[in-house]
Protein chains: 2
Amino acid sequence: MDIATYLKEHNIKPSYSRIRILDYMMTHKNHPTVDMIYGNLVKEMPTLSKTTVYNTMELFLNSGVVKLISIDEKEKRYDADISTHGHFRCDNCGRIVDLYFDGPLPMPKAHEDLEIREIQYYAKGLCKHCK
Amino acid sequence: MDIATYLKEHNIKPSYSRIRILDYMMTHKNHPTVDMIYGNLVKEMPTLSKTTVYNTMELFLNSGVVKLISIDEKEKRYDADISTHGHFRCDNCGRIVDLYFDGPLPMPKAHEDLEIREIQYYAKGLCKHCK
DNA sequence: TTCAAATTTGTAATGATTACAAATTTATAA
DNA sequence: TTATAAATTTGTAATCATTACAAATTTGAA
């Protein structure tokens with residue numbers, strides 16, 4: 001589907017910056033940091049500001065267009081794939097890959113006193129290339 | 001078991017600060033931040049430095065005495081319960097509670113190309129008091 | 001007791017993120 | 001089109017948890 005249409009469906013005005021940022025995320029699927037997005041796009045958008053990327057990620061987050069990945073304690077990462085899945089980060093090269101489960105994401109023992117709205121599943125270790 | 005003995009078993013010299021810090025964590029079981037530990041202990045240890053708490057947590061982490069909890073994007077939290085379990089954080093009051101599963105922590109679909117060393121399971125939402 | 005090693009401490013630096021106001025762009029109405 | 005308001009973008013400064021680092025203190029062995 002068209003990126004501008006997708007943004008409009010989430011009640012976001014599809015400005016040029018927003019389209020390019022979401023396009024970057026959907027094309028690369030690399031769970032990028034703000035720095036990665038900015039560093040890549042500024043080559044073709046010389047007036048782009050890092051603050052705009054921060055603002056846009058916050059907007060995307062609140063609109064449900066992206067999900068936050070806190071697998072790295074240093075920098076926030078974002079995922080435009082909002083389907084329920086987990087993530088693995090290689091302790092050596094830092095690359096992040098998706099993790100899927102047989103069936104829905106596993107739920108903890110019944111906690112009828114908790115209203116769970118979001119689940120994050122992170123695994124860490126060594127990837128194929130680094131082990 | 002005695003805290004000093006426990007530290008020695010992990011090849012850590014049981015200095016007074018280290019004993020008090022680990023004692024705080026085991027007594028409170030509140031998944032504290034460095035600030036929480038410091039703020040509580042400094043009342044009875046006026047010369048305690050926040051840097052010491054940071055140093056000690058790093059030491060504990062590398063020695064396997066505590067585990068890092070990255071459920072909060074702002075501050076690191078630590079858990080002296082090193083058994084495999086998940087965590088839930090209330091979006092409203094910030095309290096963190098333990099999550100357990102029927103059986104071992106669920107594993108993702110076979111990724112024979114990944115060497116998984118650690119798994120973190122985080123859930124967020126509203127706790128009993130806040131929902 | 002003496003000296004070296006380990007631990008603790010305080011201050012300064014780092015770096016990702018946020019605050020904020022000015023500048024620019026876009027949309028709306030006359 | 002033109003004027004005006006609203007939304008977006010931008011740059012700079014502030015924030016704040018964490019780290020770096022060297023000096024001070026404590027500990028332990030000879």
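Which residue forms a salt bridge with A:Glu73? A:Lys124 does, the closest N and O atoms being 2.8 Å apart. The legends below place this pair and other parts of the structure in separate views.

The model is predicted, so that local features need pLDDT of at least 70 and side-chain atom pairs count only at pLDDT 80 or more, while totals for chains, interfaces and linings use all residues. Residues are numbered from 1 along each chain as its sequence is written, chains are lettered from A and ligands numbered from 1 in the order in which they are written, and side-chain values use heavy atoms, with hydrogens and water left out.

**Figure 1. Fold of chain A.** Chain A has 4 helices and 5 strands. Helices (H or I, at least four residues) and strands (E, at least two) are DSSP runs, numbered from the N terminus. Along the sequence the pattern reads α-α-α-α-β-β-β-β-β. The C-alpha trace of chain A spans about 50 × 40 × 25 Å along its principal axes. Two domains are assigned in chain A, domain 1 (3-79) and domain 2 (83-131); the bounds come from an automatic or database domain assignment.

**Figure 2. Contact between domain 1 and domain 2 of chain A.** The C-alpha centres of domain 1 and domain 2 of chain A lie 22 Å apart. In contact (heavy atoms within 4.5 Å) are 10 residues of domain 1 of chain A and 14 residues of domain 2 of chain A. The two domains of chain A bury about 890 Å² between them, 51% of it on carbon and sulfur atoms. Buried area is the accessible area (1.4 Å probe) that two parts lose on being put together, summed over both. Of the area that domain 1 of chain A buries against domain 2 of chain A, 55% is supplied by A:His31, A:Lys67 and A:Ile71, more than by any other three residues.

**Figure 3. Polar pairs and elements at the domain interface of chain A.** The interface of domain 1 and domain 2 of chain A holds 1 salt bridge, a side-chain nitrogen of Lys or Arg within 4 Å of a carboxyl oxygen of Asp or Glu. Across this interface of chain A there are also 8 residue pairs in polar contact (both at pLDDT 80 or more). A polar contact is a pair of N or O atoms within 3.5 Å; within protein, one must be able to donate a hydrogen and the other to accept it, and residues adjacent in sequence count only if both atoms are side-chain atoms. On the side of domain 1 of chain A that touches domain 2 of chain A, the elements giving two or more residues are strand 1 (67-69) and strand 2 (77-79) of chain A. Strand 1 of chain A gives the most to that side, with 3 residues.

Figure 4. A:Lys50 forms a salt bridge with A:Asp35, the closest N and O atoms being 2.8 Å apart. A:Lys50 belongs to helix 4 (residues 50-63) of chain A and A:Asp35 to helix 3 (residues 34-41) of chain A, so the pair ties together parts that are 15 residues apart in sequence. Over all chains the count comes to 10 salt bridges.

**Figure 5. Rotation axis relating chain B to chain A.** Chain B is superposed on chain A by a rotation of 180° with 0.0 Å of shift along its axis (RMSD 0.0 Å). The two copies are thus related as by a two-fold rotation axis. The superposition is by least squares on the C-alpha atoms of residues with pLDDT of at least 70 in both copies. B:Tyr121 comes closest to the rotation axis among the residues of chain B, at 2.4 Å (C-alpha).

**Figure 6. Interface of chain B and chain A.** In contact are 34 residues of chain B and 34 residues of chain A. Chain B and chain A bury about 3,200 Å² between them, 57% of it on carbon and sulfur atoms. Between chain B and chain A the count is 0 salt bridges and 12 residue pairs in polar contact (both at pLDDT 80 or more). Strand 5 of chain B gives the largest share of the side that touches chain A, 12 residues.
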